[in-house]
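Here is a friendly walk through a few local features of this model. Please have the sequence and the 3D view open as you read.

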Amino acid sequence: MSVLQIILIFFWSSIVGAGSVLDSFQTHRPLIACTITGLILGHPVTGIILGGTLELIALGWMNIGAAQSPDSALASTISTILVIVGGQSVAKGIAIALPLAIAGQVLTVIARSVTIIFQHAGDRQAEKGNFRGIYALHFSALAVQALRVSIPTTLVAIFISPTAVRSVLDALPQVVTGGMTVASGFIVVVGYAMVLNMMSVKYLMPFFFAGFILGGYLDLSLLSWGAMGLIVAIVYVQLNPKFSAPIAHLPAGAAAVTPTGAAGGELPDDELDD
Amino acid sequence: MTTEIIERPTDQETSDEGRLTKGDLRKSFLLSNFQQASFNFERIHAMGFCVDMIPLIKRIYHDKEDQIDALKRHMTWFNVTPALCGPVVGVTAALEDGRESGKDIEPGMIQSIKIGLMGPLCGVGDPLMWGTLRPILAALGATLALQGSWLGPAIFFVGFNIVRLALLWYLLVFGYRRGLLILDDLGGNLLPRLTEGATVLGLFVMGVLVTKWTTINIPLVVSRTAGKATTLQDILDQMMPGLPALGLTLLTMWLLKKKVNPIWLIFGMFGLGILGYWLGFLK
């Protein structure tokens, strides 16, 4: 790996680390993190494919409140390096990524505890009315999060030995690699289950089963499925008596003129008297 | 800068013109992209919220002591889905603005309104952003990426960020303009409708994903008639495509609810895959 590549890996993995705490731009998601890492290493397509595979597995990895999920940032950057530099298959890359996601999760918890120090320093700047001091502390804390990913990633990039990676992973017997390929077909359900549990409202689960049954028989693009889902959602909200006045005797068209974006004022607010 | 005043509805209780310019709000918007930069387990986004408020505090208050009081007020515990911090910043700015204009707004009231907004906004933000928008765009991007297409990451990145930036900016301006009146809007049907709508969409697409993007093949031969083997998979497919995937998803949901670590579940599935491949009941 050239010096330029190592410098670029450092910068990019810093952005990935920052993205991981910000959760705004999504640079920490495998789809983005693996793609750019692959691009830096000269194998963008491998990066994209690994990113897509890992993204489906990580679909449900999300931080709700202060709870930490497995870390997609470190898993993406290091597994891409190992797959590309070590000349490994995407399926093996996934197997490498998972322990990295746990390691990253531990590092995240440490980093987000360290930033409590910055918070308290911020209090002191607020006492003084020092705006610049607060800005500086806020963004220094971001640097901690960036280094959380870029230091381990860059160390791997510097010290990785392609032959060592190859000899370790090539030693895996056929039954293990074949089994991992089989498993990567259904490992995605963990991600689905995490999203479903987060959304889980029992009385809305019929919509999940409707999607499941229709999806089994109809061959539409995912975009069309999204549009179908949106239509179903709009119709459900429009027709739901919870959200509208009891106007059962009126034709359906009358109920339909309550778009989701309407301000509360246009609707009677005391409708729940049925 | 002061020429470009954001006008407010005149017939409202906050009838005076606001002090903040579009430029001030724009600065706050840019900073709010880094809402979680100083995320910490003690006060979550406290400093992020304070940073969002700095350009607004500078404009509203000119007395140093008032500025310091406002900074300290907004260094308190704060947490909301990052894409939806705009309305809270906007409403808080409107309240601070009213306070400086001599309105009867106590610091305690500003705090309680901030906290009051957090709950409902998290309630809609988490299912909307993490349960619907991101998984759907990520799944769409990932399926394209699996074929090695650049469109996959591009659609995901651009699509997600357009929606996120639009929410951040328009809700910030909306929150500032409407001020306290936003509480009436949110108190109405808007948030529960949005939450339920997003949940229906998310669940429906998840159902599609479970059957379409999960591959389980059970090649166990059940019967052999006239040299033609019928496998367990054939029988299951005749009943309904994707049944093993559905069963596995429901089982995983149940295990996750029992607080089993998702990483162990993933390793368990690797184990199942290896075992199945070895014994020949999975292919």
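Let us start with Ser69(A), which is found in the loop that runs between α3 (44-57) and α4 (72-85) of chain A. Helices here are DSSP runs (H or I, at least four residues), numbered from the N terminus. This is a predicted model, in which local features need pLDDT of at least 70, side-chain atom pairs count only at pLDDT 80 or more, and totals for chains, interfaces and linings use all residues. Residues are numbered from 1 along each chain as its sequence is written, chains are lettered from A and ligands numbered from 1 in the order in which they are written, and side-chain values use heavy atoms, with hydrogens and water left out.

With a relative accessible area of 10%, Ser69(A) is buried; that word means under 20%, while exposed means over 50% and partly exposed is in between (1.4 Å probe, protein chains only). Beyond its neighbours within four places in sequence, Ser69(A) is in contact with Trp61(A), Met62(A), Asn63(A) and Gln105(A), where contact means heavy atoms within 4.5 Å.

Ser69(A) also belongs to a cavity lining. The largest cavity is lined by 16 residues, and those nearest its centre are His28(A), Asn63(A), Ser69(A), Pro70(A) and Asp71(A). A cavity is a set of points, on a 1 Å grid over the protein atoms alone, where a 1.4 Å probe fits but cannot get out; lining residues have an atom within 4 Å of a point.

Now to the rings. Over all chains there are 12 aromatic pairs, counted for Phe, Tyr and Trp (its six-membered ring) if the centres lie within 6.5 Å; planes under 30 degrees apart are stacked, over 60 edge-to-face and the rest tilted. Two tilted pairs are listed here.

| Pair | Centre to centre | Angle between planes |
|---|---|---|
| Phe156(B) and Phe160(B) | 6.3 Å | 40° |
| Trp264(B) and Phe267(B) | 5.9 Å | 40° |

Phe156(B) and Phe160(B) are separated by about one helical turn, because they are 4 residues apart in helix α6 (residues 151-178) of chain B. Both Phe156(B) and Phe160(B) are buried. Trp264(B) and Phe267(B) are 3 residues apart in helix α11 (residues 262-279) of chain B, so about one helical turn separates them. Trp264(B) is exposed at 55% relative accessibility, whereas Phe267(B) is partly exposed at 28%.

Finally, Phe25(A), Phe139(A) and Phe34(B) form one aromatic cluster. Arg164(B) lies over the face of Phe25(A), 4.7 Å from the ring centre; this rule asks for NZ of Lys or CZ of Arg within 6 Å of the ring centre and within 35 degrees of the ring normal.

Conventions: Helix = DSSP H or I, 4+ residues; strand = E, 2+ residues; numbered from the N terminus. 1 Å grid on protein atoms, 1.4 Å probe; cavity = no way out; pocket = protein on both sides within 12 Å on 5 of 7 lines; lining within 4 Å.
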